[in-house]
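Me: Hi! Could you walk me through this model while I have it open?
Reply: Happy to, just ask away.
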Amino acid sequence: MTGKDLKPATIAARAAGASDSGSAGVVPGIHLATTYMRGRDNALIRDGNMYGRDQNDTVRQAEEVLRQLEGAAATLLFPSGMAAVASLFRTVPNGGRVVVQSGIYWGTTGWTRDFCARRGITLTEVDASDPQAFEAACTQGPADLIWIEVPSNPWLKMVDIAAAASLARAAGALLAVDATAATPVLMRPLALGADFVMHSATKAINGHTDVLAGVLSCVDQDHAAWQAIATDRHDAGAILGPFEAWLLMRGMRTLPLRMERMCTNAQAVAEFLNAHAAVESVFYPGLPSHPGHELALRQMAGGYGYLMSVLIRGGRMAALDVAGKLTLAHRATSLGGVESLVEHRYTVEPDTGIPENLLRLSVGIEDVNDLIADLDQALNP
Ligand code: PLP
């Protein structure tokens with residue numbers, strides 16, 4: 001059977017067939033060499049292996065796992081999610097136009113604002129989960145790139161990717177989706193019409209809170225934008241190290257399994273919180289009351305993810321009090337690890353419209369009854 005026929009759990013568990021060809025080890029080694037030998041005839045001994053910035057087998061193996069999981073034509077790894085974001089925006093010509101979803105990961109918003117201002121690029125920010133507003137923003141004129149984040153962090157908004165792809169075509173733009181909160185296991189934006197899909201692999205793709213990485217995949221590797229991204233990664237040197245790539249590959253072996261557990265846990269936690277008197281509202285696409293639930297049902301398969309945000313009754317101090325009383329979830333930024341994390345988002349992005357009583361929860365793989373009992377004691381006065 002080839003990668004095309006295989007299900008995600010099989011691709012991931014087998015690391016897309018990577019093994020150690022030298023020792024016949026079931027698990028591939030880590031290739032640390034930064035340069036490769038030539039023979040007496042001056043030809044490269046292994047075709048294509050000249051220098052570590054051009055080629056590293058460990059990085060290629062990790063990319064192949066992701067390429068197969070994503071159903072992509074080509075996949076490139078970067079040393080962080082932001083490096084992947086930046087590589088894509090750098091393909092937009094000076095004086096061009098981009099449409100970017102508002103209320104997404106604040107690092108992306110902050111960086112794109114700065115980048116577009118420096119490069120004379122018109123930046124249109126819009127709530128892409130509002131179909132009328134999104135269409136109006138996309139039809140203002142031609143655009144080069146449309147950037148959406150599905151589900152969004154920390155609002156968990158859903159955007160119709162197929163509809164976004166039609167709007168992008170009509171505007172002459174490429175559509176890119178940051179699917180970090182979904183992972184390729186739950187959602188495959190390329191199959192829904194996106195040109196690019198990006199993830200912070202630092203999150204659930206690695207899943208063990210010990211690797212910073214970003215990944216970008218495309219449907220058409222001959223497209224000029226993809227060629228420019230690949231050239232820029234090589235020439236400007238935003239290369240993932242082989243040890244990180246190896247850890248990522250190891251982490252990804254259990255990605256489908258982790259997502260299964262995290263989604264089940266998150267659904268139960270969201271339902272518990274939604275019914276709790278101390279909670280004002282819960283943003284989680286798995287709840288039927290979520291405005292994007294129907295869309296999530298259509299666009300995602302196997303669950304609604306591990307990320308949610310909760311508004312705590314009583315304002316900022318009440319929210320901080322709940323976070324402070326939790327004994328299982330670590331109070332820390334980031335998401336997608338096997339261990340649950342809680343964060344008072346207003347503390348880290350105070351001027352972006354985040355409510356002062358919002359807690360963002362990344363639900364891990366712990367026993368869900370323990371998680372719920374801990375939340376219960378923290379929420380009760
Ligand atoms: N996209 C989303 C949705 C994120 O949550 C993050 C980080 O939190 C990023 C991109 C940036 O990724 P990284 O921290 O790996 O650079």
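Me: Let's start with the ligand. How far is an oxygen atom of the ligand from an N or O atom in the side chain of Asn153?
Reply: That distance is 2.9 Å. It falls under polar contacts, meaning a pair of N or O atoms within 3.5 Å; within protein, one must be able to donate a hydrogen and the other to accept it, and residues adjacent in sequence count only if both atoms are side-chain atoms. Before we go on: this is a predicted model, where local features need pLDDT of at least 70 and side-chain atom pairs count only at pLDDT 80 or more, while totals for chains, interfaces and linings use all residues. Residues are numbered from 1 along each chain as its sequence is written, and side-chain values use heavy atoms, with hydrogens and water left out.

Me: Good to know. How far are the polar side-chain atoms of Thr202 and Lys203 from an oxygen atom of the ligand?
Reply: For Thr202 the distance is 2.6 Å, and for Lys203 it is 2.9 Å.

Me: And which residues come nearest to the ligand?
Reply: Gly81, Met82, Asp178, Ser200 and Thr202, out of 13 residues around it. A residue counts as near if one of its heavy atoms lies within 4 Å of the molecule.

Me: Changing topic to helix H3. How many of its residues are buried?
Reply: Eight of the nine, so H3 is largely enclosed by the rest of the structure. Buried means under 20% relative accessible area, exposed over 50%, and partly exposed in between (1.4 Å probe, protein chains only). Helices here are DSSP runs of H or I with at least four residues, strands are runs of E with at least two, and both are numbered from the N terminus. Among the buried residues of H3 are Gly81, Leu88 and Phe89.

Me: What caps the N-terminal end of H3?
Reply: Ser80 does, with a side-chain oxygen 3.4 Å from the backbone nitrogen of Met82.

Me: Now the aromatics. How many aromatic pairs are there in the whole structure?
Reply: Six. Rings of Phe, Tyr and Trp (its six-membered ring) pair if their centres lie within 6.5 Å; planes under 30 degrees apart count as stacked, over 60 as edge-to-face and the rest as tilted. Phe89 and Trp147 make a tilted pair, 5.3 Å centre to centre with 45° between the planes. That pair links distant parts of the chain, as Phe89 in H3 and Trp147 in strand S4 are 58 residues apart.

Me: Are Phe89 and Trp147 buried or exposed?
Reply: Both Phe89 and Trp147 are buried. Another pair is Phe196 with Trp226, which is stacked because the ring centres are 6.2 Å apart and the planes are at 20°. Phe196 is in strand S6 and Trp226 in helix H8, 30 residues apart. Phe196 and Trp226 are both buried too.

Me: Which residues do ring pairs link into a cluster?
Reply: Phe89, Trp111, Phe115 and Trp147.

Me: Last one, strand S1. How many of its residues are buried?
Reply: Five of the five, so S1 is largely enclosed by the rest of the structure. Ala74, Leu76 and Phe78 are on one side, with Thr75 and Leu77 on the other.

Me: Which strand does S1 pair with, and in what sense?
Reply: S1 pairs with strand S7 in the antiparallel sense, over five bridges. Pairing requires that DSSP finds at least two bridges between two strands. Leu76 stands opposite Leu216 in S7.
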